[in-house]
Amino acid sequence: MPVAARMRQAMEAGSWIRQMFELGIQLKRQHGEQNVFDLSLGNPILEPPAAFRAELKRLAEDPATGTHRYMPNAGYPETRQVIAAKLAKELRLPFTGQHVVMTCGAGGAINVVFKALLDPGDEVLVLAPYFPEYLGYADNHGGVARVVPFTEGFQPDLDALRKAITPRTKVLMVNSPNNPSGMVYSEECLRGIAGVLAGAETRFGHSVYLVSDEPYANLVYDGMALPRPLLHHQASILVTSYSKDLSLAGERIGYLAVHPSCPDVQELVDACTYANRVLGFVNAPALMQRVVRTLQEQRVDVAWYQRQRDRLYEGLRATGYMLHKPEGAFYAFPKSPIPDDVAFMKELLEERVIVTPGVGFGAPGYFRISYSVEERVLDGALEGFARVAKQHKLIP
Ligand code: PLP
């Protein structure tokens, strides 16, 4: 029995993901890759912008010595400063390089923050529908994840949030634009969340940290100005990455930034820096830190994602599915036509369409579609969706 009991339990709880993945492989083997329409993966499909390759080439030819060595655990001071300046301009908060720690993606950043903040048994509130990795990340650091339900439009239920907070609550995770719903939390919603946190801080006499997970902040549509959680709560930390907006998911580059007015800000940054080290990340990838330094204004073709969103939304609505129009990220989260979203996923598999059931995101009765796929995959999937819709008589 080589594997820890907790690990075995966690793997079993997540086994449906593996089953789906294996079903997908089986389907592709059976029908040929081009006849299977896999909408289950949140992998950015666009190539990074041309400026990325140019900068990579320029740096590869840079003869300066020492560029592949260790650096301070928080990252290169120059990169941290550039990011701080960008955040200061965007959020109008006095960020300096001292507030920023470079990390191995947003996933690495969340683990670093949890390691820095959580004592065993501390509670982490996650707002459904949520990115499932939060549960594992909290558990990594002795935290206990508690799920808060949602209301209309996948906005958090503030009454339920108020009731879920206990003296052990240390962190609230906020993710907008949201994976899996594709929705953005409104300014009013963020104000409401901040009010609940402020109330809890007064009652319990300690900070409740808002961790704003923003890897999709630059993937918003229809010219929307994204409401920013850090503007509403001082005990807050932004975590993000270049995985989605520069399509660098495999390069593992991101950062965290502690709100300049966060209580004990320097101690928290120091703890995150130490966590980066002892979690074995040591530092974020050196080459990528140097590359992204000059690419702060670069993005993949966001309009392409918006067009994919429109095709999917219109296609699904026309065949009778119920869904909110996604406002950002590259996911849609329709209502399953039958209450059992896993059973519905299986019906779609008959049509060689692969989606992810909502139950894995804390939202049974829905399913997630990633539209970060080739256009032909989306078109093929829409045909499958239409056939299943007909079986369920979604439109007369
Ligand atoms: N947070 C959310 C909401 C995500 O969807 C993802 C990736 O899909 C991550 C964090 C982790 O991203 P990365 O570690 O690649 O930055």
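Mentor: What follows is a description of the ligand site, then of the pocket, the cavities and a few backbone details.

This is a predicted model, in which local features need pLDDT of at least 70 and side-chain atom pairs count only at pLDDT 80 or more, while totals for chains, interfaces and linings use all residues. Residues are numbered from 1 along each chain as its sequence is written, and side-chain values use heavy atoms, with hydrogens and water left out.

Start with the ligand. It is surrounded by 14 residues, the closest being Asp213, Tyr216, Ser241, Ser243 and Arg252; a residue is near a molecule if one of its heavy atoms lies within 4 Å of it. By class, this shell has five nonpolar, six polar and three charged residues. Here Ala, Val, Leu, Ile, Met, Phe, Trp, Tyr, Cys and Pro count as nonpolar, Asp, Glu, Lys and Arg as charged, and the others, Gly among them, as polar. Helix α5 (residues 105-117) gives the most to the shell, with three residues. Helices (H or I, at least four residues) and strands (E, at least two) are DSSP runs, numbered from the N terminus.

Next come polar contacts, which are pairs of N or O atoms within 3.5 Å; within protein, one must be able to donate a hydrogen and the other to accept it, and residues adjacent in sequence count only if both atoms are side-chain atoms. A polar side-chain atom of Asp213 is 2.5 Å from a nitrogen atom of the ligand. The side chain of Ser241 has an N or O atom 2.6 Å from a ligand oxygen atom, and a backbone N or O atom of Gly107 lies 2.8 Å from an oxygen atom of the ligand. On its own the ligand has 390 Å² of accessible area, and the protein covers 91% of this; such areas come from the Shrake-Rupley method with a 1.4 Å probe, and for residues only the protein chains shown count as cover.

The ligand sits in the largest pocket, meaning that more than half of its atoms lie within 2 Å of the pocket's grid points. On a 1 Å grid over the protein atoms alone, a pocket is an open set of points with protein on both sides within 12 Å along at least five of seven lines, a cavity is a set where a 1.4 Å probe fits but cannot get out, and lining residues have an atom within 4 Å of a point. About 850 Å³ of space lies in this pocket, where a volume is the space filled by probe spheres set on the points, which are joined across faces, edges and corners. Its lining has 37 residues, with Gly42, Phe131, Glu133, Asn179 and Arg368 nearest the centre. Helix α2 gives the most to this lining, with seven residues.

There are also two cavities of 30 Å³ or more. The largest cavity holds about 160 Å³, and Lys86 and Asp245 are among the residues closest to its centre.

Last, the backbone. Most residues other than glycine have a negative phi, and most peptide bonds are trans. The bond from Ala128 to Pro129 is cis, with omega near -10°, and so is the bond from Asn179 to Pro180, with omega near 25°. Arg252 has a positive phi, near 55°, and is placed in the loop between β7 and β8 (254-258).
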